[in-house]
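Please look over the two chains shown here. A short report on their overall build follows the display.

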Amino acid sequence: MKYTLSVLVENHAGVLSKVSGLFSRRGFNIDSLAVGTTEDENISRITIVVNGDEYVVEQLEKQLNKLIPVIKVRTYTEGGFISRELYLVKVHCPAKQRLDIMKIAELMDAKIVDVALNSMTIQFADTSERFETLTDLLKPYGIREIVRTGTVAIEKDSAVSKK
Amino acid sequence: MINGAEIMVRCLQEEGVSIVFGYPGAVICPFFDKLYDTDIKAVLVRQEQNAAHAASGYARAASKVGVCVATSGPGALNMITGIATAYMDSIPLVAITGQVRSDVLGRDVFQEADITGACESFVKHSYLVKDTADLPRIFKEAFHIAATGRPGPVLIDVPVDVQQGEIEEFVYPEKVNIIGYKPSVQGHPLQIKRALDVLANSKRPVICVGGGVLTSGAKPKLREFVKLTGIPVVSTMMGIGAMPSDNPAYVGMIGSHGIKAANKTIHESDLVILCGARVGDRAVASPDQVVQHANVIHIDIDPAEIGKNMKTTIPIVGDLKNVLNQLLKEVSYKAPNEWLENIAQWKKELALPHKTFDGFVEPQSFLKNLSSHLRQKAILIADVGQNQIWCANSFKMSDGRFFTSGGMGTMGYSVPAAVGAKFARPTRDVIAVCGDGAFQMSLNELATIAQNNLNVKIIVMRNTVLGMVHELQDFHYNSRYAVTELDDIPNFIKIAEAYGIESAFASSNEEAEAYSKQMLKSDKPFLLVCNVHPLTPSK
């Protein structure tokens, strides 16, 4: 099962390597990791998506908490958060296919950010499931390159207040 | 104006440091130069790994943070094994390393190594200092982090220009404030209550003590708790000394190298109370089997240890001496007699006779006898290998201490650790026991011992083989002794003579006893070589 963890850390040099090093040396498999500053510039948030069972996540939380620059660790519960990933996809696109691809982008709520003679670059910010749909639709035209960030997530206030 | 090197020294003074163990080099010279003007003793070891081991022995014996110092590159790298050894056994160290100039960091200059990177998984925390003005805060934090919560080594890597840089004045911070580091010290009252409820219903409880008992200073509380409840106690290797060996409630060491009665006790129990023990694989090989028939109360200051190796019924996070105190206030339990009688019976039935060989010392009975000749609060330091098992199972502990590299199993630990322990406790008997393999990994420290005229006694169990692996080869590799034969090299008596250290060679238990009496009478260092048969088993 996939778990999404949100880790608040002090924004110092070397903190990311302390956190990411933990995964390899404790044998945890991570799907993605994204890091950026928060509303407080001294604090960064690392969002981690990890594949494992309850034991793995519990250990991961505890081991992360042991790191001195880690301030807080939260594992988001299913349905209680919104997560997004940013994708940039370069598709092979001669002039005669432009309209088709523009239509797909429009349907999927994606944005075309660059057009060249033989290619188009599409920007897409959504969940990984929706991204799979998009890539399935684009595959027949020839995907040249995919670039994606890790997942970032934020807790839903609406879900919390319901509990 | 004050420079970084002097700030570092002033920080050590503020922390009450009276001794450091180290080895100099170009980029740590500013620090050693300033240290030279103070009362802080700098002990020159003969290899950096031993600086960390000596600081570890010191920290254990003095119950203070040990400090070791090395230069950049190879100096720092040599220290890693010592730092990792301390990390595995939760020993509070501050390791200070010199580093190349900060403006050339990352350019692979002479003697440059990314030591904070290399040590990442072996330290509780590390700092690469970029600014002289940060030194006071970093030192304050480092000592705090090393000593509190679950103790461990903290590394401070200081580029030479940071040591030479100057600031207006030295102000040592009064408090630390690290928002992500607030270890809990008291057990949660609800968990205490739940633990007592489970205990009340237990027919066959056992307490398993680990190194945490000694680290936390919970020994008196533990003994009080055992006296009151009569609950039998087994120990991990790190927990040896928490209970007196002759206490009727004490069964012995558990694990693959422990005694059968202790293992049987834990496997027959219906409640295991883990006290500062992390249930390492060498202590409990199959924790899953134990939890099938037993509840587990796990008391530990490190929440990450709870549930890591053994499923826990009731976790209690806190400093063991506080938690035991909380339990003591409310406990009214008595261990059932039937259970205690069973254990006493197993202790008798399952004891193994020691194998003897003519013309050789039988190490277990020798060590047992040796314990009775020592003064109060003696410190015994076992190395790694068969000697460690002989010491752990045979040495009779009362109010003394037992140090060894329990987690990492680092050969060569005992002699440098004895150096540190003796500096910490000059009036106590400090004995290092090692094999001829381990001794050859750190016999260069005989120079440190001789130079400081340290009254350290070293007992070498000379069996001319790497005994532990040799024994493994007997069991699992058809007695093919691949790369485990040391032969009769070197002549240890001549080695001792070269260092100006008194020595003796014993070929029987009578001789070994006579020499050890002589050894203990002298106030000088002594090397006792015991001739041990290569086929003498670990237990």
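The text below takes chain B, then one of its residues, then chain A.

This is a predicted model, where local features need pLDDT of at least 70, side-chain atom pairs count only at pLDDT 80 or more, and totals for chains, interfaces and linings use all residues. Residues are numbered from 1 along each chain as its sequence is written, chains are lettered from A and ligands numbered from 1 in the order in which they are written, and side-chain values use heavy atoms, with hydrogens and water left out.

**Chain B**

Chain B holds 22 helices and 20 strands. Both are DSSP runs numbered from the N terminus: helices are H or I with at least four residues, strands are E with at least two. The radius of gyration of chain B is 24 Å, close to the 24 Å of the globule rule for 539 residues, so chain B is as compact as a globular protein of that length. That radius is taken over C-alpha atoms, and the rule is 2.2 Å times the number of residues to the power 0.38. Among contacts (heavy atoms within 4.5 Å) in chain B between residues at least 6 apart in sequence, 75% join residues at least 24 apart.

**Val456(B)**

Strand β18 of chain B, residues 456–462, contains Val456(B). Val456(B) is buried, at 1% relative accessible area. Buried means under 20%, exposed over 50%, partly exposed in between, with a 1.4 Å probe and protein chains only. Beyond four places in sequence, the contacts of Val456(B) are Ala418(B), Lys422(B), Val430(B), Ile449(B), Pro525(B) and Phe526(B). Val430(B) is 26 residues away along the chain, yet its C-alpha atom is 5.6 Å from that of Val456(B).

**Chain A**

Chain A has 5 helices and 9 strands. Their order from the N terminus is β-α-β-β-α-β-β-α-β-β-α-β-β-α. Domain 1 covers 2–76 and domain 2 covers 82–152. These bounds come from an automatic or database domain assignment. Over C-alpha atoms, the centres of domain 1 and domain 2 of chain A are 29 Å apart. In chain A, residues 24 or more positions apart make up 71% of the contacts with a separation of 6 or more.

**Chain values**
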